[in-house]
Amino acid sequence: QNKWLLWRNYDLNIIGQPVKSKRPKEPGENKIKPINKKVKPKTPKMKERESADSSLKSQSILTQVMDKGHFQKLAATLSLSAGQSLELRCKGSNVTWSYPSYLDTFKDSRLSIKQLDRSSQLILANSTAADTGEYSCWLQLCNGNKCRKDETKTGSTYIFFTDKEELFVPTPGYFEIVYLNPDKPAVIPCRVTTPSAKVTLHREFPAEEIETDGTDIVYDAKKGFIFQHPTSNHKGIVYCKAESQGAPQISIRYHLLYVEVPKGPPSATIAASSSRAALSDRLQVVCTVLGEPDVDVNFRWQYPGQEFERPVIIQNFWRLINRGIGHTTRISKSVLLVEDFEAIDAGNYVCIAQNLQGQTTVATKSSL
């Protein structure tokens with residue numbers, strides 16, 4: 001009997017332990033796996049993932065249509081051979097496009113834009129090197145007649161249409177003026193159609209290559225040479241040279257003019273041919289503005305007899321002048337002419353000169 005009890009104890013101790021280990025595990029019983037599962041779904045990582053997903057969604061608004069109707073997301077840049085046709089799609093029902101401006105200027109029939117059910121379609125047939133540039137689209141948010149750009153739903157890509165015969169993006173003219181302003185970078189827009197082309201900048205006189213140090217003067221294939229801090233020493237006539245598996249090619253000439261006058265409302269003066277005029281005299285009043293070479297000035301006049309529709313002649317014109325030390329200024333003039341002075345013409349002549357920065361009013365008086 002004692003032996004039997006010992007055997008039962010042995011049986012329970014030996015057999016009972018393995019039985020316990022074979023018992024089906026309760027969910028979450030394994031202490032290692034639950035710890036790992038709790039570590040993985042950290043809140044910051046989920047936010048990062050959501051941020052990445054939303055970024056992808058904003059980028060995927062613009063796609064390229066490939067062969068057999070396949071769609072491909074676009075990177076920041078794309079290279080295609082000149083002659084190829086291009087089809088882009090922008091998701092949305094109210095889409096606005098932006099593309100190289102000359103396609104609009106010349107009303108090019110190769111470009112067509114059509115609004116489809118769920119997207120807008122842009123097709124460019126028989127592409128040329130001149131089509132190189134940025135193509136972008138965005139959704140418009142409208143409330144009645146007022147619309148604004150939806151900054152969260154945009155797409156953009158810069159497309160190089162490569163052509164070994166046209167390393168530089170063609171331009172309408174053979175000569176271009178670039179204004180050098182000490183307050184902002186200046187761009188010499190000799191863009192290339194082949195992003196891998198080696199481009200250098202040259203001065204025409206004295207004949208020399210201008211060193212680009214990557215800091216003060218840098219080259220961007222999508223923009224051209226950028227002068228970060230223009231000075232009067234940079235003025236003159238320059239051109240670009242490009243090389244890519246063949247003979248080098250030369251760009252058009254660029255005339256660099258240094259700007260002397262800082263930004264601001266017009267700096268205006270006024271003068272009359274005579275402060276005292278006799279009857280039947282010819283009176284001339286000149287309003288003069290010195291300003292930036294590339295800033296337009298608009299003139300308005302107030303003069304005696306205006307409310308009685310007294311006839312006067314007004315002429316506006318402008319020209320560039322060199323101040324003698326390489327500084328260039330635009331001189332704009334408005335001339336008011338009274339052919340046959342009468343008593344009604346005596347009084348104050350007021351000139352109002354306006355540009356994008358503001359307006360300036362000057363006045364002079366002429367009497368009998």
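Analyst: Strands here are DSSP runs marked E of at least two residues, and they are numbered from the N terminus. The model is a predicted one.

User: In which strand is Phe227 found?

Analyst: A strand needs a DSSP run of at least two residues. The run to look at covers residues 224-227, which include Phe227, and this run is strand β15.

User: Is Phe227 buried or exposed?

Analyst: A residue is called buried when its relative accessible area is under 20%, and exposed when that area is over 50%. Phe227 has 1% relative accessibility, so the class that applies to Phe227 is buried.

User: How far apart are the C-alpha atoms of Phe227 and Asp216?

Analyst: Leaving aside neighbours within four places in sequence, the residues in contact with Phe227 include Pro185, Leu201, His234 and Asp216. Along the chain Asp216 and Phe227 are 11 residues apart, while their C-alpha atoms are separated by 6.0 Å.

User: What kind of aromatic pair do Tyr135 and Phe161 form?

Analyst: A search of the whole structure finds three aromatic pairs, and Tyr135 with Phe161 is one of the pairs, at 6.5 Å centre to centre. Planes over 60 degrees apart count as edge-to-face. With 75° between the planes, the pair of Tyr135 and Phe161 is edge-to-face.

User: Why does this pair tie together parts that are apart in sequence, and how many residues lie between those parts as the separation is counted?

Analyst: Tyr135 is buried, and Phe161 is buried too. Because Tyr135 belongs to strand β8 (residues 133-143) and Phe161 to strand β9 (residues 146-162), the pair ties together parts whose separation in sequence is 26 residues.

User: At what distance from the ring centre does Arg330 lie over the face of Trp318?

Analyst: A charge sits over a ring if, among other conditions, NZ of Lys or CZ of Arg is within 6 Å of the ring centre. The charged end of Lys149 sits over the ring of Trp138, 4.6 Å from its centre. For Arg330 over the face of Trp318, the distance from the ring centre is 3.7 Å.

User: How many nonpolar residues are in the lining of the largest pocket?

Analyst: The largest pocket has a volume of about 270 Å³. It is lined by 13 residues, and the closest to its centre are Tyr102, Pro170, Thr171, Pro172 and Arg191. Sorted by class, the lining has two charged residues, two polar residues and, as the number asked for, nine nonpolar residues.

Conventions
Residues are numbered from 1 along each chain as its sequence is written. This is a predicted model: local features need pLDDT of at least 70, side-chain atom pairs count only at pLDDT 80 or more; totals for chains, interfaces and linings use all residues. Side-chain values use heavy atoms; hydrogens and water are left out. Rings of Phe, Tyr and Trp (its six-membered ring) pair if their centres lie within 6.5 Å; planes under 30 degrees apart count as stacked, over 60 as edge-to-face and the rest as tilted. Helices (H or I, at least four residues) and strands (E, at least two) are DSSP runs, numbered from the N terminus. Buried means under 20% relative accessible area, exposed over 50%, partly exposed in between (1.4 Å probe, protein chains only). A charge sits over a ring if NZ of Lys or CZ of Arg is within 6 Å of the ring centre and within 35 degrees of the ring normal. On a 1 Å grid over the protein atoms alone, a cavity is a set of points where a 1.4 Å probe fits but cannot get out, and a pocket is an open set with protein on both sides within 12 Å along at least five of seven lines; lining residues have an atom within 4 Å of a point. Grid points are joined across faces, edges and corners, and a volume is the space filled by probe spheres set on the points. Ala, Val, Leu, Ile, Met, Phe, Trp, Tyr, Cys and Pro count as nonpolar, Asp, Glu, Lys and Arg as charged, and the others, Gly among them, as polar. Contact means heavy atoms within 4.5 Å.
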